[in-house]
Amino acid sequence: SVCPAHVDVPGYVALVREGRYSDAVRLIRKDNPFPSACAYVCEHPCEAQCRRRMVDDAVNICGLKRFAVDHGEDTPVPEKAPETGKTVAIIGGGPGGLTAAYYLTLMGHKVTVYEQRPKLGGMLRYGIPDYRLPQEILDRDIDYILSAGIAVHTGMSIGKDLTMADIQRSFDAVYIAIGAHNDKKLGLEGETSKNVVSAVELLRGIGEGKAPDFTGKKVCVVGGGNVSMDATRTALRLGAESVTCVYRRRVEDMTALAEEIEEAMAEGCQILPLQAPARIEADENGCVTALWTRPQHIGPYGNDGRPKPVAADAPEFRIPCDYVIVAIGQAIEAKPFEAVGVTTQRGAIQADLTSAVPGLDNVFAGGDAVSGPATVIRAVAAGKVAADNIDAYLGFDHKIHTDVEIPPAHLTNSPPCGRVNL
């Protein structure tokens with residue numbers, strides 16, 4: 001399966017075809033306990049490999065998932081394995097941490113989740129705007145996961161309220177799934193000016209009910225990923241007069257989903273490619289007045305498969321603005337974990353293929369904290385891998401099953417008809 005979480009895509013598509021929406025959701029939950037959230041925000045890598053593309057275009061798999069979650073009814077959590085007497089602490093209540101917690105609980109282990117923020121959800125709640133993922137949709141998944149019987153402590157910060165050493169001593173195994181919630185800096189002159197904000201900080205504030213007023217303001221967003229598109233479209237919704245997304249590569253090199261870029265442009269956001277931020281201009285009061293950029297042209301391809309931008313022989317370009325939103329990546333807060341011997345490299349926690357942290361007996365890590373910022377489905381996949389490996393470390397070999405009966409393949413000779421978008 002090309003789904004990072006190995007969800008049975010043909011199986012749930014077949015169930016949707018037969019109108020068995022609740023069964024489709026049950027089948028998805030065997031491998032991904034966030035069917036509702038993923039129905040709204042998944043990057044759907046499955047569609048890129050859909051065999052229907054040999055005829056016309058990919059089946060709208062993500063749309064079918066959304067139809068299933070919108071029309072299916074929640075069924076009780078599957079029967080749990082007998083209690084093992086083993087305890088597991090999960091640090092971080094985002095999609096990766098809650099996925100691991102869900103499957104470990106089904107395996108019969110006693111799981112406790114520690115979350116720094118007032119509510120669970122991680123970047124799903126504090127990083128993705130409500131217009132893409134409404135809070136009630138996210139809460140539906142989280143409520144289902146917690147109904148398995150997971151202990152939760154919110155507002156708990158490791159290093160302040162609890163030490164990592166205490167947790168390590170108190171539990172048989174620990175899974176670090178803290179995500180990547182710190183912002184990265186541009187490192188430019190004028191970056192400390194007033195009204196230079198990180199996209200992570202902006203979106204988190206909105207998630208906590210503290211939305212700024214951009215009415216009549218000119219906003220520049222720096223970056224080309226999904227977070228920059230979220231910040232760009234959010235700024236418009238906060239009343240901005242104009243929003244310009246500045247990116248040092250071409251539009252086709254942006255890592256944001258194509259539909260996010262198209263929707264941002266349709267909403268009136270300007271995308272300015274091949275411009276690298278040079279410095280931020282401020283007035284006598286220290287407030288942003290403009291972003292200066294240096295024109296680029298495309299150079300040789302790098303190791304990441306994308307062409308590198310190279311400074312062009314052209315004068316710097318001035319973009320007048322009142323706010324600069326920086327969306328060039330995220331980092332992790334690793335100090336509390338380094339205190340017990342967790343090693344980090346280039347801003348990421350080091351873990352092997354079994355999610356185990358080298359040199360520490362009962363500590364595992366995964367998700368954005370290990371891979372760097374990625375997608376929801378990849379965090380879910382990492383949580384599944386961790387749950388399986390923690391189960392093995394604790395001396396068990398539990399398997400997650402479902403009793404959903406999948407219909408046989410429906411073969412048809414239908415002529416090309418084009419993809420149906422919702």
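A word on the source. The model is predicted: local features need pLDDT of at least 70, side-chain atom pairs count only at pLDDT 80 or more, and totals for chains, interfaces and linings use all residues. Residues are numbered from 1 along each chain as its sequence is written, and side-chain values use heavy atoms, with hydrogens and water left out.

Start with the whole chain. It has 15 helices and 18 strands. Helices here are DSSP runs of H or I with at least four residues; strands are runs of E with at least two, and both are numbered from the N terminus. The radius of gyration is 23 Å, close to the 22 Å of the globule rule for 422 residues, so the chain is as compact as a globular protein of that length. That radius is taken over C-alpha atoms, and the rule is 2.2 Å times the number of residues to the power 0.38. Along its principal axes, the C-alpha trace spans about 70 × 60 × 40 Å.

Now the sheet. Five strands form an open sheet with parallel pairing, in the order β6-β14-β7-β8-β9. Two strands pair if DSSP finds at least two bridges between them. Which strands stand at the edges? They are β6 (196-198) and β9 (270-272); each has a single partner strand, so one side of each is left without a neighbour in the sheet. From one strand to the next, the twist averages 25°. Axes are lines fitted to C-alpha atoms, for helices over the stretch in contact, and angles run from 0 to 180 degrees between N-to-C directions.

Look at one pair. β8 (242-246) joins β9 in the parallel sense over three bridges. Val246 has Leu272 of β9 as its bridge partner.

Helices pack here too. α10 (199-207) touches β6 and β14 (323-326), and its direction makes about 75° with that of β6. Contact means heavy atoms within 4.5 Å. α11 (226-237) lies across β7 (218-222), β8, β9 and β14, running at about 170° to β8.

Next, the spaces. On a 1 Å grid over the protein atoms alone, a cavity is a set of points where a 1.4 Å probe fits but cannot get out; a pocket is an open set with protein on both sides within 12 Å along at least five of seven lines; lining residues have an atom within 4 Å of a point. Grid points are joined across faces, edges and corners, and a volume is the space filled by probe spheres set on the points.

The second largest pocket has a volume of about 1400 Å³. It is lined by 40 residues, and the closest to its centre are Val13, Cys50, Arg52, Val59 and His410. α1 (9-17) and α5 (61-71) each give two or more residues to this lining. α1 gives the most, with six.

How many cavities of 30 Å³ or more does the search find? Two. α5 supplies the largest share, three residues. By type, this lining has ten nonpolar residues, one polar and one charged. Ala, Val, Leu, Ile, Met, Phe, Trp, Tyr, Cys and Pro count as nonpolar, Asp, Glu, Lys and Arg as charged, and the others, Gly among them, as polar.

The second largest cavity holds about 40 Å³. Asp183, Ala199, Val227 and Val326 are among the residues that line it.
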